[in-house]
Amino acid sequence: MSQTVFCRKYQQELEALPFPPLPGKKGQEIQASVSRKAWEEWQALQTRLINEKHLNMLDPASREYLMEQMERFLDNRETDRAEGYVPPSS
């Protein structure tokens, strides 16, 4: 049985991340407070933002921007959207 964590985004017990998604203290904090579901949703949004906004991940300002967007997403605050993105219809 997989471990669970009280997810700060969904405010409920959900499946935990199997390992810290980032190095250091920040990764440990995320693993302790963010569910696998929320992290996978963040990764999808992060990919759209990088691609649509043509972010250069070697640029410290781009990395700082993504970290800010990640915190906003995980705290259920409004985030930037990828312009032109149309979600797939079900």
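Q: Which residues does Q69 touch, not counting residues up to four places away in sequence?
A: They are W42, L49, T79 and D80. A contact here requires heavy atoms within 4.5 Å, and each of these residues touches Q69. The model is predicted, with local features needing pLDDT of at least 70 and side-chain atom pairs counting only at pLDDT 80 or more, while totals for chains, interfaces and linings use all residues. Residues are numbered from 1 along each chain as its sequence is written, and side-chain values use heavy atoms, with hydrogens and water left out.

Q: Why is Q69 called buried?
A: The relative accessible area of Q69 is 3%. Buried means under 20%, exposed over 50%, and partly exposed in between, with a 1.4 Å probe and protein chains only. Q69 therefore counts as buried. This residue lies in helix α3, where a helix is a DSSP run of H or I with at least four residues, a strand is a run of E with at least two, and both are numbered from the N terminus.

Q: What lies 2.8 Å from a polar atom of the side chain of Q69?
A: The backbone nitrogen of D80 lies at that distance. A polar contact is a pair of N or O atoms within 3.5 Å; within protein, one must be able to donate a hydrogen and the other to accept it, and residues adjacent in sequence count only if both atoms are side-chain atoms. The 2.8 Å between the D80 nitrogen and the Q69 side-chain atom is within that limit.

Q: How do you know whether T79 is buried or exposed?
A: T79 has a relative accessible area of 17% and therefore counts as buried. T79 is placed in the segment after α3. Not counting residues up to four places away in sequence, T79 touches L45, Q69, R72 and F73.

Q: Why is N76 called partly exposed?
A: The relative accessible area of N76 is 45%, so N76 falls in the partly exposed class. N76 is also in the segment after α3 (60–74). Phi of N76 is near 60°, a positive value in a residue other than glycine.

Q: Where is Q11, a residue with a positive phi, found?
A: Q11 is found in the loop between β1 (4–7) and β2 (12–15). Its phi is about 55°, although Q11 is not a glycine.

Q: What makes the buried residues of α1 lie on the same side?
A: The buried residues of helix α1 (residues 24–33) are G27, I30 and S33. They cover an arc of only 145° around the axis, which means that they are on the same side of α1. The arc is that of the directions from the helix axis to the C-beta atoms. An α-helix has 3.6 residues a turn, so residues three or four places apart point the same way.

Q: What covers the buried residues of α1?
A: Their cover includes β1, α2 (36–52) and α3.

Q: Which exposed residues does the face of α1 turned away from its buried side carry?
A: That face carries K25, Q28 and A32. A32 has a relative accessible area of 55% and is therefore exposed. The C-alpha atoms of A32 and R8, 24 residues apart along the chain, are separated by 9.6 Å.

Q: Why does F19 count as exposed?
A: The relative accessible area of F19 is 54%, so F19 is exposed. F19 is placed in the loop between β2 and α1. F19 and Q69 are 50 residues apart in sequence and 21 Å apart in space, C-alpha to C-alpha.

Q: Why does S89 count as exposed?
A: S89 has 74% relative accessibility and so counts as exposed. S89 is in the segment after α3.

Q: How many helices and strands does the chain have?
A: The chain has 3 helices and 2 strands, and along the sequence they follow the pattern β-β-α-α-α. Of the 90 residues of the chain, 30% count as buried.

Q: What share of the contacts with a separation of 6 or more comes from residues 24 or more positions apart?
A: Such residues account for 47% of those contacts in the chain.
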